[in-house]
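Please read the points below with the sequence and the model open side by side. They are notes from one pass through the coordinates.

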Amino acid sequence: MDGLSSTALPASTLPAPAIPAPDVAGLGGAARKEPQAPPPNRRRRFGIAVRITLGLSVMALLVLLIGGVSMSSFRLFRVEVAALSTNTLPEVITSAELHGSLQKLVAQLPQLAAATSTPQRRSIYDGLVTELDSMQLLVARMRGLMKEGDARAGERDGNVRLLEQTRSTLLILAATVADLNAEVTRQIEYGDRQAEAARALSRLAAAIESMPDTGAWAARIGALMARAAGAMQLDHLSRLKGEARSAERTLAELARLSGGAPDPTGQMMSTVQEELFSLLVAPGGLFDSAIDRLQARNRAQALTGQAQVLVETVERSTRALYDSIRDQSAERTDALAALIAERTRMVMMLAGTSLLLAVCVHFFFRRFLSSRLVVMNRAVLARLSGNRGGVQGAAVPAALPVPVPVDGDDEITDIGASIRYFIDEIDRRQQALADNERRFRDLVEGSIQGIVIHRDFHALYANDSFAAMLGMTVAEVMALPSLLSVVAVTERQALIENYDHLLDGGQSTPRRRIRACRPDGAGLWVELTGRRVDWMDGPAIQAVVVDVTREVEAEDALRQSRDAAERALGELKATQASLIQAEKMASLGQLVAGVAHEVNTPIGITITGASQLQALIGELSDRHTANALKKSDFQRFLGDGMEMANLILSNSTRAANLVQSFKLVAVDQSSDERRAFLLRDYIDELLRSLHPTYKARTALTIEVDCPADLELDGYPGALSQILTNLIMNALVHALDPELPGRIAIAARLTGGDMVELSVGDDGNGIAPEVLPKIFDPFFTTRRGAGGSGLGLHIVYNLVTGRLHGTIGVESRPGEGTRFTLRFPRVTAAA
């Protein structure tokens, strides 16, 4: 509420009440006949201040002692933790990482030796090189950590020796892995060459099978190939070399056999023998590649064994290094734990001493200070609450006030005397405040407007009118945790901002209307205004509130009526648009059905002519085959064939023209594309598309009077829909199917680049009472015969909306009807 928040409740016409300040000096002087002597203020040698200083000094010494011990312990602890975190722990982690990298290396070495392809070998080798580089970096990091560490000389020297042994072994292992990679590379290369030679041998074997039978030579060739294929599976190098020598001897014998054979078989055998020699025993051949592959594999196995021995050496040295570093870390950790336990016991002893001293000081101050202050406080509270009968409800005559104790000889005694001196003045001031409060309530609580004073939205004062407005009592309003609880959630932030504005500026806010709510859930609207006031011990906000619920409800009812009308209008427009679209699609469907029926006839004639022409050609072919073809038969075929060809061509052309016209008009009706077009050509295309709908009316005449060069730039789809609806309207409503009829379509260009287009008929005409309603939606004179009443309404909307033009109608019963459209030649953009 504005006064409520700084967003203040609407301003009321009644000014906020001001609270007069009581004349304290005058009241005090009138009530006191004889001034009392001021309380004593004496200096003492051993007062409260000295006692407190002494106790606090002893406690401070203990605290300093505890702090010194704690700081010393903390420094030692920090040094040890720093040593662990910067040297020992990194050494443990690095040695563990070194051992972990070694395990990865162990897993990858057999994979490199077993690699069967170059990508696989390269991937495994790159991983091994990465792991070896990583291990070298870990060894270098470990050397740096050992140089920075503070371990004992013997332990450090032993670790350094293990580390150097690991580094040198890793260098040898890296060289071994490089050699192994080279051997595996050669093994894969020779294996690929062997596989290529084996594939060439298979192709040669297939070629030999297609050769003519050569007897023993072919059997020897087959046996040689079989032995070569079996030799490729051998893993023994000497046996493989023996097979190679045997193959050489066999090839030499085959050369002698092929030399003695007659040509061309001998030449073919020599060629096969030479190719076999090249594939099997020549350098780079099958046996040579297999021998090289076995040698490379044997060397790779030897290098793999050597690498495994080196890995085991590295594993033993890294394991010994890890165990040594772990033992050193455990020793330092145990020493740190012992140090922490020793210093913790010392600090706990000092803390216990401090706690004992604090208990003693507590009882000392309670005996000599706090207990006397408690008694004094009770006496003061009793006097301020109006209890003059004694402390704690003791029955003492009202004329005898509760005395403030002043026994003792210290500062508390002086304080008691001062309190006793001012207690009477407080009583008189309370009486003055009560008088001011009565005058204020008489002025404010009689107001018919709600008035509330609050600070941080906590009610400091509220009159009966404000409480009644919320359906609460004044006590319930004062008990609210926040006045924002009776305000709508959406209004609260604005109220908070206005509250801050009022406190900062101090000027009244204009009248504001907000939504509030009662505890029973009922809502109400209020207008409020607020201003800053000084209330009791600080600034506050005063708000004047007026209930305007009835006014707001009346405005809401009016607004809802208007919104309902607008929604109904929108729904009506949407329904109308959907019905118009449905009518357009129905018109397009009728056009499709008519054109399909019209196209069916020339297509049927075309098929008949083509089949007849096929029969003539077949008859002519039979006569020619039987050598019975005569000149007269051929001339008759030429005449009949030309007639059939002309029939096919004319009917195909007719069907194509119909389809082209329908395509142009149908595409325009189903889309809203804008383009330039010649009006006369477009009307002809449209009539050609509509011809199936009126071709049965032989007595109907449609005349078109339009310049051939009249070009429009607009929406042909809209124009097609307009002309289609007007022509169909004339066919359905104006003209009798059994009687002669005439439809005239005329167009011309008038001044101002405007087009005048008219569609007229000489039919029945329109009755005068019907003429004003023809463009209304859903109005039709054929309600029971399938009429929708949307045809002319669509025409009117398209002319006035899409073409930005006008439409008029002239009709007399029995003399026909004429629709006249006027629209720009170049339609403005939508």
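1. Basis. This is a predicted model, in which local features need pLDDT of at least 70 and side-chain atom pairs count only at pLDDT 80 or more, while totals for chains, interfaces and linings use all residues. Residues are numbered from 1 along each chain as its sequence is written, and side-chain values use heavy atoms, with hydrogens and water left out.

2. Whole chain. The chain has 17 helices and 12 strands; these are DSSP runs numbered from the N terminus, helices being H or I of at least four residues and strands E of at least two. Of its 830 residues, 38% are buried. Buried means under 20% relative accessible area, exposed over 50%, and partly exposed in between (1.4 Å probe, protein chains only).

3. Surface and contacts. Of the contacts between residues at least 6 apart in sequence, 72% join residues at least 24 apart, a contact being heavy atoms within 4.5 Å.

4. Salt bridges. The structure holds 17 salt bridges, each a side-chain nitrogen of Lys or Arg within 4 Å of a carboxyl oxygen of Asp or Glu. A network of them links Arg511, Arg513, Glu527, Glu551 and Glu555.

5. Asp713 and Arg674. These side chains form a salt bridge at 3.5 Å, N to O. The pair links distant parts of the chain, with Asp713 in strand 8 and Arg674 in the loop between helix 14 and strand 6, 39 residues apart. Both are partly exposed, Asp713 at 26% relative accessible area and Arg674 at 31%.

6. Glu703 and Arg742. Here the salt bridge spans 3.0 Å, N to O. Glu703 lies in strand 7 and Arg742 in strand 9, so the pair ties together parts 39 residues apart in sequence. Glu703 is partly exposed at 35%, as is Arg742 at 36%.

7. Arg825 and Asp753. The closest N and O atoms of this salt bridge are 2.9 Å apart. Arg825 sits in the segment after strand 12 and Asp753 in the loop between strand 9 and strand 10, so parts 72 residues apart in sequence are tied together. Arg825 is partly exposed at 24%, and Asp753 is partly exposed at 34%.

8. Largest cavity. Which residues line the largest cavity? They are Phe677, Leu712, Gly714, Tyr715, Leu719, Leu803, Phe823, Pro824, Arg825 and Thr827. Strand 8 and strand 12 each supply at least two of the lining residues. The lining divides into 7 nonpolar, 2 polar and 1 charged (Ala, Val, Leu, Ile, Met, Phe, Trp, Tyr, Cys and Pro count as nonpolar, Asp, Glu, Lys and Arg as charged, the others, Gly among them, as polar). A cavity is a set of points on a 1 Å grid over the protein atoms alone where a 1.4 Å probe fits but cannot get out, and lining residues have an atom within 4 Å of a point.

9. Backbone at two loops. Most residues other than glycine have a negative phi. Asn627, not a glycine, has a positive phi of about 55 degrees; it lies in the loop between helix 13 and helix 14 and is exposed at 74% relative accessible area. His804, also not a glycine, has a positive phi of about 55 degrees. His804 is in the loop between helix 17 and strand 11 and is partly exposed at 41%.

Technical notes
1 Å grid on protein atoms, 1.4 Å probe; cavity = no way out; pocket = protein on both sides within 12 Å on 5 of 7 lines; lining within 4 Å.
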